[in-house]
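Here is a short report for a first look at this model. Keep the structure in view as you read.

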Amino acid sequence: MFFFECEVYYEDTDMGGRVYYANYLKFVERARSKLLTSIGIDQRYLLEKEGLYFIVKKISAEYLSPSFFGDKLLINTHVLDIKKATLILGQKILRKDKTLFDCEVKIALLNSRGKVTKLPNEIVNKMKFFFDAQ
């Protein structure tokens with residue numbers, strides 16, 4: 001499992017003082033980006049040198065409990081499945097031990113023409129090594 005910490009800032013909240021729902025998607029996106037960086041996958045290099053980039057193909061999310069300005073959040077990410085051209089990840093946002101948000105995200109890799117393409121072995125191997133080593 002990969003862990004990413006973030007803090008809720010005032011700008012993340014709505015008029016009611018709760019985190020605006022769309023910001024949970026930003027938080028889990030940041031965690032996925034940090035995951036890739038931490039296992040040695042440089043997304044900028046992939047895009048600029050190989051013409052490859054990740055997109056969210058599908059997301060299913062459940063908002064379980066609100067978070068508020070000043071909260072310290074922990075986002076955990078784990079692999080549910082690795083397919084030929086997609087990664088399926090589970091992500092949770094927690095405050096202390098309470099799950100606030102739970103989602104399943106399907107990530108696809110696209111080439112420079114915007115077509116889904118096979119995940120390079122290097123990416124698959126790095127993902128498997130990281131999550132299998134835990």
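## Salt bridges

Seven salt bridges turn up in a search of the whole structure. A salt bridge here is a side-chain nitrogen of Lys or Arg within 4 Å of a carboxyl oxygen of Asp or Glu. Side chains of opposite charge can pair when their charged atoms come close. This is a predicted model: local features need pLDDT of at least 70, side-chain atom pairs count only at pLDDT 80 or more, and totals for chains, interfaces and linings use all residues. Residues are numbered from 1 along each chain as its sequence is written, and side-chain values use heavy atoms, with hydrogens and water left out.

One of the bridges joins Glu7 and Lys72, at 3.6 Å from N to O. Glu7 sits in strand β1 (residues 2–7) and Lys72 in strand β3, so the pair ties together parts that are 65 residues apart in sequence. Helices (H or I, at least four residues) and strands (E, at least two) are DSSP runs, numbered from the N terminus. Glu7 is partly exposed at 32% relative accessibility, while Lys72 is exposed at 54%. For these words, buried means under 20% relative accessible area, exposed over 50%, and partly exposed in between (1.4 Å probe, protein chains only).

## Two further pairs

Asp71 and Arg95 form another salt bridge, with their closest N and O atoms 2.9 Å apart. This pair links distant parts of the chain: Asp71 is in the loop between β2 (53–63) and β3, Arg95 is in strand β4, and they are 24 residues apart. Asp71 is buried, with a relative accessible area of 14%. Arg95 is partly exposed, at 21%.

Asp81 pairs with Lys83 in a salt bridge, the closest N and O atoms being 3.2 Å apart. Asp81 is partly exposed at 30% relative accessibility. Lys83 is also partly exposed, at 44%.

## The sheet

Five strands make an open sheet in the order β1-β3-β4-β5-β2, with antiparallel pairing. Strands pair if DSSP finds at least two bridges between them. β1 and β2 stand at the edges with a single partner strand each, so one side of each has no neighbour in the sheet. The twist averages 25° from one strand to the next.

Helix α1 (residues 21–38) packs on the sheet and touches β1, β2, β3, β4 and β5. Its direction makes about 135° with that of β1. Helix α3 (residues 121–132) also packs on the sheet, touching β1, β2, β3 and β4, and its direction makes about 120° with that of β3. Contact means heavy atoms within 4.5 Å. Axes are lines fitted to C-alpha atoms, for helices over the stretch in contact, and angles run from 0 to 180 degrees between N-to-C directions.

## Strand β4 and its partners

Is strand β4 buried or exposed? Eight of its 10 residues (86–95) are buried, so β4 is largely enclosed by the rest of the structure. With strand β3 (residues 72–82), β4 pairs in the antiparallel sense over eight bridges. Three residues lie between β3 and β4 in their hairpin. Gly90 in β4 is the bridge partner of His78.

β4 also pairs with strand β5 (residues 98–110), in the antiparallel sense over 10 bridges. Ile88 stands opposite Lys106 in β5. Arg95 has Lys98 in β5 as its bridge partner. The hairpin of β4 and β5 has two residues between the strands, and Lys96 there takes a positive phi near 55°.
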